[in-house]
Amino acid sequence: MELLLLLLLIKHAVVDLYLQSYLTLNKREYFGGFIHYLQHGVATLIIACAFFSFEIAVILAHLDFLLHWHIDYNKHVVQTRWNITPDSNKQLYWFIQCVDQSLHFITYWALIIIGTALVIN
């Protein structure tokens, strides 16, 4: 499962940093990042299919899609509500980015636990 975690982390970097650069998003709106979240779900589906049955991979992909959506959306809501930008409060802005990325990494750890548990049951 270490390889699965590594692949999910690489997937995260590619989708969050590279693929997102091609999109025009407004994550402050609830559906404003839908394509980005869908990219995460599809990429997770592709990777998870190499480790789990298709049915389990679909469950994990949906969870990643939904969790990524709500982590990102809530981050942007907080930043907007309190006008937190790199210029207004650099330390708080980067702390929020740290929490955001940590939640995504915890998501991948949890997906592996869930996928493994579904295989056992």
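Helices (H or I, at least four residues) and strands (E, at least two) are DSSP runs, numbered from the N terminus. The model is predicted: local features need pLDDT of at least 70, side-chain atom pairs count only at pLDDT 80 or more, and totals for chains, interfaces and linings use all residues. Residues are numbered from 1 along each chain as its sequence is written, and side-chain values use heavy atoms, with hydrogens and water left out.

View 1. From the N terminus, the order of elements is α-α-α-α. The radius of gyration, taken over C-alpha atoms, is 15 Å, close to the 14 Å of the globule rule for 121 residues, so the chain is as compact as a globular protein of that length. That rule is 2.2 Å times the number of residues to the power 0.38. Along the principal axes, the C-alpha atoms fill a box of roughly 50 × 25 × 25 Å. Of the 121 residues, 36% are buried. Buried means under 20% relative accessible area, exposed over 50%, and partly exposed in between (1.4 Å probe, protein chains only).

**View 2. Methionine 1 lies in the segment before α1 (2–18).** Methionine 1 is partly exposed, at 45% relative accessible area. Which residues does methionine 1 touch, leaving aside its neighbours within four places in sequence? They are Phe52, Ile112 and Thr116. Contact here means heavy atoms within 4.5 Å. Isoleucine 112 is 111 residues away along the chain, yet the two C-alpha atoms are separated by 7.3 Å. Across the chain, 69% of contacts between residues at least 6 apart in sequence join residues at least 24 apart.

**View 3. Glutamine 101 sits in helix α4 (residues 90–120).** Its relative accessible area is 24%, so glutamine 101 counts as partly exposed. Not counting residues up to four places away in sequence, glutamine 101 touches His12 and Asp16. Phenylalanine 31 is 70 residues from glutamine 101 in sequence and 20 Å from it in space, C-alpha to C-alpha.

**View 4. Cysteine 49 and cysteine 98 are the subject here.** Cysteine 49 has 36% relative accessibility, so it counts as partly exposed. Cysteine 98 is partly exposed too, with a relative accessible area of 43%. A disulfide is a covalent bond between the sulfur atoms of two cysteines. How many disulfides does the rule give? The count is zero, where a disulfide is a pair of cysteine sulfur atoms within 2.5 Å.
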